[in-house]
Amino acid sequence: MLAGIGHGAVVIGLTVSLFAAAASVLAARSGDIGLATAGRRAVYVTCGLSAIACGVMVVALLGHDFSILYVARNNATTTPPFYSFISLWAALEGSILFWTLLLTGWSSLLLYRYRSAHPALMPWAAAGLAVVAAFFFAVMTWAGDPFVSVTPVSAEGNGPNALLQNHPFMGLHPPLLYLGYTGLAIPFALTVAALVTRRLDAQWLTLVRRWTLVPWIFLTAGIVAGAWWSYEVLGWGGYWAWDPVENAALLPWLTATAFIHSAMVAERGRSLRTWTVILVTTTFVLTLLGTFLTRSGVIESVHSFTQSAIGAWFLAGVLAALMVGAGLVVWRVGDLAGTGPPPALVSRESAFLLNNLLFAGLAFAVLFGTLYPLVAEALSGERLSVGAPWFDRVSAPFFAALLFLAGVGPALPWGAASWRTLRDRFVIPALVGLAFTTLGAVAGLRGAAALLTLGLAGFSGAALLREVVRAARGRGRSSGEGWIRAAWGVATRNRRRYGGYLAHLGVLVAAVAVAVSASGSIQATAVLTPGQSASLAGYTVTHRQLVREPLAADPRVFETRAELDVSGPQAGMVRPALRDYPNSVAAIATPTVMTSVGEDFYLTLLAYDPDTGAVTLRLFVNPLVAWIWVGGAVVVLGAGFAIWPGRRAAATRTGS
């Protein structure tokens, strides 16, 4: 019964989506308000149907209804309720279902927010979003039906993917990523609408930038959460491995970030509009490509745990989106052509242009490294891989230049900058950067890359802080306010600018933490029998005993843990473990991470001997890793501050 209700909701969702698209197109062409309203309300209905389908799946998961194949494959009677719930997005079909709910939710939010505004744009945007929703409903109707029934019904299911039930962070990381992915359909739909209606004006740019920033925040948070999850769960002591699925999330983030910067230049004149449209289209295409890579099984990785015929559908979707975007750009190239003079060589416009080229170049490099093994295998049959060292080597110059521009761009004036301006704004930051590099070298920081990162971060951070101080000092002189109140007043009067500064500072903090943790990490392997100890960088680990027992929350899962006493800068009893899940060939590591402001002490149980109680441990001392998460949080906070409406904007909306 549940399968029938869920599948029925999906099929009706496909029908209603097609109706919404047709009604919206007819409304856009005829100006019929009734048809526009019908199209908009049909999109609301698709959101409701998606919610019903998701609700049915959640009920089936919580009730262990193994008559549904998805539940049988991703749930067990012993699965705790929390992991049963998040199994909604634990595998292919369920994640597409959840994806559709978020997509239709974003669509409904946009159309409800502007139900009485932008009458020329919204019907076309509704049509575009309805077509995208129809694609996902069609996928679930045929290639990836999440409600396939199975007979005979098994008394027990397979259980969720072991990696997905080993840490509660999986309840947060995928939803954040999906919110980012699906939300980026909104700027694409708005851009298609603007191209069709030839309304490529500043109002469209403002609208698209705002509706890009919101999903960009979720995508940023999702990427950081994914790195955190990798660090806390996988037991290898790192947080970023250039895994193809990590790259799939990074690619649209890079192009969306480039768009956010190019839009600021485009809003000030008629330049960069073609480039801006290309970035929006590319970002959406990359979200589909990322889904294709992660869900088709075409690339094997820790995330690519399912395979299905769905890959062909997504490849067709990628090509269709690419052709639509490219076709519209060619069609409207005359309207997109810039009319303003080229920017001065040393100006904020030129800095943003260079910033865009770097983001685009980095995105191309990451895309090349991700797809090259696939292309090579398709052409020659030979399996190749592009590893982390290649990505590190290729991406490092891009990241270094972007760190430099993170301070230079905001500090440069719009229009040509004089040499006096450059001297006034950058001499002190340059000295600060030099001081940071020197202090890093004196403190024992190893590696040219780490020292360069520290110096560039010091330079850019000082440039940004100088801008804040300069503005606050000016306001303080004119208003008589203290410097803290003056700084807050300056920031809240121009949230977009100073929110951007805060986001840049977060990037700098994270960059320093990545550089220092990568260059300063120390690790060792120790084999200990009960009573023996090992030391690393001031920490001493003493093996107390080896324990093997079923998990209290899920007795089908056996945990083997080493109970250890740790003394040193951080102290206490810790229990790194290996967990044997019935549906996993290999045991899943459950490392212990002791975190402080300056460093993490990280322990992983690699192997054990049940006869002697001996354990093989990997010990890491990773400096500043916690500051990566802090930096990511500051980026999100800064972006949120930038889009938060100020009093004047709120008053304007209230008045209107």
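Visitor: Let's start with the sheet. How many strands does the open sheet have, and in what order do they run?

Guide: This is a predicted model, and in it the open sheet has 4 strands in the order 1-10-9-8, paired antiparallel. Strand 1 (522-528) and strand 8 (592-595) are the edge strands, each pairing on one side only. From one strand to the next, the twist averages 15°.

Visitor: Over how many bridges do strand 1 and strand 10 pair?

Guide: Strand 1 pairs with strand 10 (residues 615-623) over 7 bridges, in the antiparallel sense. If you want one to look up, T525 has R618 in strand 10 as its bridge partner.

Visitor: Which helix lies across strand 1 and strand 10?

Guide: That's helix 19 (residues 495-520), and its angle to strand 10 is about 140°.

Visitor: On to single residues. Where is G461, and is it buried or exposed?

Guide: You'll find G461 in helix 17 (residues 448-479). Its relative accessibility is 9%, so G461 counts as buried. Setting aside residues up to four places away in sequence, G461 touches L505 and L508.

Visitor: What about disulfides: how many does a search of the whole structure find?

Guide: The general idea is that a disulfide is a covalent bond between the sulfur atoms of two cysteines. Here the search of the whole structure finds 0. Take C47: its closest cysteine sulfur is in C54, 9.4 Å away, so that is too far for a bond. C54 is in no disulfide either, and its nearest cysteine sulfur is that of C47.

Visitor: Are those two cysteines buried or exposed?

Guide: C47 counts as buried because its relative accessibility is 19%, and the cut-off is under 20%. C54 is buried too, with a relative accessible area of 4%.

Visitor: Last one: what is the mean pLDDT of the protein chain, and where is it below 50?

Guide: The mean pLDDT is 92, and 95% of the residues reach 70 or more. Over residues 301-306 the pLDDT is below 50, although this stretch has 24 contacts in the model beyond near neighbours in sequence. Where pLDDT is low, the predicted coordinates should not be read in detail.

Key
Residues are numbered from 1 along each chain as its sequence is written. This is a predicted model: local features need pLDDT of at least 70, side-chain atom pairs count only at pLDDT 80 or more; totals for chains, interfaces and linings use all residues. Side-chain values use heavy atoms; hydrogens and water are left out. Helices (H or I, at least four residues) and strands (E, at least two) are DSSP runs, numbered from the N terminus. Buried means under 20% relative accessible area, exposed over 50%, partly exposed in between (1.4 Å probe, protein chains only). Contact means heavy atoms within 4.5 Å. Two strands pair if DSSP finds at least two bridges between them. Axes are lines fitted to C-alpha atoms, for helices over the stretch in contact, and angles run from 0 to 180 degrees between N-to-C directions. pLDDT is the predictor's confidence in each residue, from 0 to 100. A disulfide is a pair of cysteine sulfur atoms within 2.5 Å.
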